[in-house]
Amino acid sequence: MQPRREYHIVVLGAGRIEPLIWYSPQFVQNVWIESYDPTIEDSYRKQIEVDGKQCILEILDTAGTEQFTAMRELYMKQGQGFLLVFSITSTSSLNELSELREQIIRIKDDDQVPLVIVGNKSDLEEDRAVSRAKAFALSQNWGNAPYYETSARRRANVNEVFIDLCRQIIRKDLQATQSRQNDNTMRKREGPNRHDRKRERKRDSKRKGPCIIL
């Protein structure tokens, strides 16, 4: 039986976008929430299978209220992958994602952080303010970051965004493991460095003991 992997996912978005808190209940519990009380955060835990691997997702779903933006840095330090959510009915909510991404990259010191761009409220097509072309242009500008249009109300693409993000995290973990293995192999081929040789000489001198002249 394969060991279960645990990953920390953070859901972030513009301060005025209400649907953020709806994502995790839909994904974890298949529950649709008509209304909610803004809180600092909600966390959820769910086990899923991704490409034959068992994964446990620790999902931190921020409420998106502006008075709690000071907490974002802590969320970003803890997260391994991020869902950046905007509403297709609000151009300003899309514009705010760039600042969030820049903050994530700065805090993680990594411009290849796993993330998915999520255009929510796809069920409100008649109220659309953000064209698909504009959202795809942002995706391409971010190195072809995955982009999904979703509806928490209709549960459209809700599972898919979490699975895609989990795949990215797994791939990044595998790359990091491979890089460490390659580094270890290179060190073995190069042999001991100056510090290793110095430590080895000290160990040899201790094994030999004192030299006694008769």
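A nonpolar core is here a set of buried Ala, Val, Leu, Ile, Met, Phe, Trp, Tyr and Cys residues joined through side-chain atoms within 4.5 Å, where buried means under 20% relative accessible area with a 1.4 Å probe, protein chains only. Helices (H or I, at least four residues) and strands (E, at least two) are DSSP runs, numbered from the N terminus.

The model is predicted: local features need pLDDT of at least 70, side-chain atom pairs count only at pLDDT 80 or more, and totals for chains, interfaces and linings use all residues. Residues are numbered from 1 along each chain as its sequence is written, and side-chain values use heavy atoms, with hydrogens and water left out.

Next, centre the view on Phe86. Setting aside neighbours within four places in sequence, the residues in contact with Phe86 (heavy atoms within 4.5 Å) include Ser93, Leu94, Leu97, Ile117, Val130, Ala135 and Tyr147.

Now display the strands and select β1. Strands β1 and β3 (residues 53-62) run parallel and are joined by seven bridges; strands count as paired if DSSP finds at least two bridges between them. β1 and β4 also run parallel, with five bridges.

Turn next to the largest pocket. A pocket is an open set of points on a 1 Å grid over the protein atoms alone, where a 1.4 Å probe fits, with protein on both sides within 12 Å along at least five of seven lines; lining residues have an atom within 4 Å of a point. Of the 16 lining residues, Asp111, Gln112, Val113, Pro114 and Gln168 lie nearest the pocket's centre. The largest share of the lining, four residues, comes from α5.

Finally, zoom out to the whole chain. The protein chain has six helices and six strands, and 40% of its 214 residues are buried.

Note on methods. Buried < 20%, exposed > 50% of the residue type's maximum accessible area, 1.4 Å probe, protein only.
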